[in-house]
Structures are given as structure tokens and as C-alpha cells.
Amino acid sequence: MEALFRASTTLLAEEEVQIGWGVFAYLGIVVLAIFLFIASARGGLKGRVFQKTTTKLAEQAYLFIENMCVSVIGPHGKKYMTFLMTIWLIIFFSNILGLLLPHSPMADWSLTFGLAVVVFCYVQYEGIRTNGLGGHFKHFAGPKLDGLALVLIITPLIFCIEFVSEWVKIISLSLRLYGNIFAGHQTKTTIDAQPFAASFPVIGEILLPLELLVAVVQAFVFVVLTAIYLSLVTHHEGEEHEHGDHSHETAHAAA
């Protein structure tokens with residue numbers, strides 16, 4: 001058992017060294033696949049009824065992201081569809097193609113960390129643009145409290161906690177995606193490298209549907225959490241009661 005553990009650790013270390021900057025080559029394959037899919041889908045937009053398979057898939061993806069934006073963020077969420085669709089396509093295609101390629105781009109923390117930083121910066125930008133600089137930072141202070149003592153003691157404490165938790169979202173988003181994809185990919189790679197793998201191919205057949213499920217779910221979780229973060233900093237007073245409960249339920253489900 002110890003020998004198996006050492007062999008697995010050595011295999012993972014060697015693969016990490018070999019990948020290096022090569023992860024961008026895999027990412028290039030993903031981007032190329034996305035452009036080919038979009039080009040193919042655009043070719044089927046001529047008729048009133050879509051007949052092409054890629055066009056039908058693109059339509060369902062569009063409706064899926066649109067419904068999520070409206071239900072989580074609110075009616076004004078449609079303007080964030082371009083950003084969320086781009087993030088979803090990159091993660092979804094990376095995860096799916098990662099099942100066929102020797103390495104999955106999302107199994108590299110530097111890439112998932114970069115995506116999380118992009119999401120963080122965009123959320124802060126939208127929060128400042130919607131509420132102004134002062135209004136954006138004001139929501140870190142929590143609810144308005146009565147009493148000078150509470151304001152001087154509790155409000156600064158809440159502000160510090162909320163401010164730190166806002167930055168922690170970068171680590172949370174990146175590690176959640178990286179950990180799940182990396183674990184699934186390396187588990188399959190390690191098992192395939194073992195001598196018994198050729199005698200029991202059914203193991204790989206069992207792991208493949210599970211990896212496919214993780215790939216789809218993690219793409220959804222990353223995007224829905226991004227939508228929730230946008231909802232928290234851009235919600236409008238008239239939409240708060242209508243969509244607030246649903247956003248909290250979605251956040252708990254995604255977590």
C-alpha cells in the first residue's frame with residue numbers, strides 16, 4: 001500500500017512538472033473547440049425552426065444561462081449574460097474535453113485562480129458602478145444599528161469580517177473548481193497506470209460517468225456563485241423581496 005502511494009505521488013509530481021506552461025496549449029484547444037462550436041451553431045440560424053444539432057444545443061445553453069441570470073440576479077441580470085456565458089463555456093468545454101485530453105485545463109490551480117480573480121474584479125466593478133464607491137463599501141458594514149456603542153463596536157467588526165470574506169471568495173471559487181477536477185482527473189490517471197487496470201476495464205467505465213457529472217456540476221456551481229455575487233452587489237430595492245429568498249436558496253444548494 002505504501003509503495004502504491006509513493007508511486008502515485010511520483011506520477012502526479014512528474015505530470016505537474018511536464019505540464020507547466022503547457023496548460024495554455026490545452027486551453028488553446030478548448031478555445032478552438034468553442035469557436036468551432038459557435039461557428040457551427042451560427043450556420044443553423046437561417047431557418048425559422050432550428051434543425052442543426054449544434055444550433056439546438058446553443059439555444060438550450062442560451063436559455064439556461066438566461067433563466068439563471070433572471071432567477072438569481074433579477075430582471076437586470078440579462079445584461080450579465082455575456083460575461084456569465086463566456087465563463088460557463090470556458091469551464092464547461094475545459095471539463096468535458098479534459099475527459100478526453102491527457103490533462104484538463106481546470107486541473108491547474110493557476111488557471112482557476114485567474115478565473116476567480118477576473119470574477120472578483122468584475123463583481124467589484126459592477127458593485128461600484130451600481131452603488132458608487134461609498135455605497136459599495138457601505139454594504140460591508142452590515143445593517144444599520146441603533147445605539148452609538150453598537151455602531152462603534154459591532155459595525156467595524158462586521159466590516160472587517162465582510163471585507164476579508166469578500167477576498168476569500170477568490171480562494172473559495174478557485175479551489176472548489178480546481179480540487180474537484182484535479183481529484184477526478186488524477187484518480188483516473190493513477191488507476192489507469194496500475195497493472196490491474198487492463199484486467200478490469202470496468203473500473204474506468206464506472207469512473208467516466210462520475211467524472212462527467214462532476215465536470216457538468218462544477219461548471220454550473222462556478223457560474224451560479226458568480227451570479228449570486230453579482231446579485232448581492234447590484235440588487236435593486238424593488239427586486240429584493242422578489243428574488244432575495246431564491247438567491248439564498250440557490251447559494252445554499254450550490255455550496
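How many nonpolar, polar and charged residues are in the lining of the largest cavity? Sorted by class, that lining has 7 nonpolar, 1 polar and 2 charged residues. Keep in mind that this is a predicted model.

**The cavity**
- Searching the whole structure turns up 1 cavity of 30 Å³ or more.
- The largest cavity holds about 50 Å³ of space.
- Its lining is made up of A116, V119, F120, V123, Q124, E166, K169, I170, L173 and Y229.
- Two elements, α5 (109-138) and α6 (148-192), each give two or more residues to that lining.
- α5 supplies the largest share, with 5 residues.

**The second largest pocket**
- This pocket has a volume of about 390 Å³.
- There are 16 lining residues here, and I38, A58, E59, Y62 and M85 are the ones nearest the pocket's centre.
- Helices α2 (23-42), α3 (53-72) and α4 (81-98) each give two or more residues to the lining.
- By class, you'll find 11 nonpolar, 3 polar and 2 charged residues around this pocket.

**How α3 meets α4**
- α3 and α4 pack at an angle of about 125°, and their axes are 10 Å apart.
- That angle is why α3 counts as oblique to α4.
- The crossing of α3 past α4 is right-handed.
- On the α3 side, the contact is made by A61, Y62, F64, I65, E66, M68 and C69, while α4 brings in M81, L84, M85 and W88.
- Sorted by class, this contact has 10 nonpolar residues, no polar ones and 1 charged residue.

Conventions. Residues numbered from 1 in each chain as written. Predicted model: local features only at pLDDT ≥ 70, side-chain atom pairs only at ≥ 80, totals over all residues. Heavy atoms only, no water. 1 Å grid on protein atoms, 1.4 Å probe; cavity = no way out; pocket = protein on both sides within 12 Å on 5 of 7 lines; lining within 4 Å. Points joined across faces, edges and corners; volume = space filled by probe spheres on them. Helix = DSSP H or I, 4+ residues; strand = E, 2+ residues; numbered from the N terminus. Nonpolar A, V, L, I, M, F, W, Y, C, P; charged D, E, K, R; others polar. Axes fitted to C-alpha atoms, helices over the stretch in contact; angles between N-to-C directions. Parallel < 35°, antiparallel > 145°, perpendicular 65-115°, else oblique. Left-handed = near helix turned anticlockwise from the far one by under 90°. Contact = heavy atoms within 4.5 Å.
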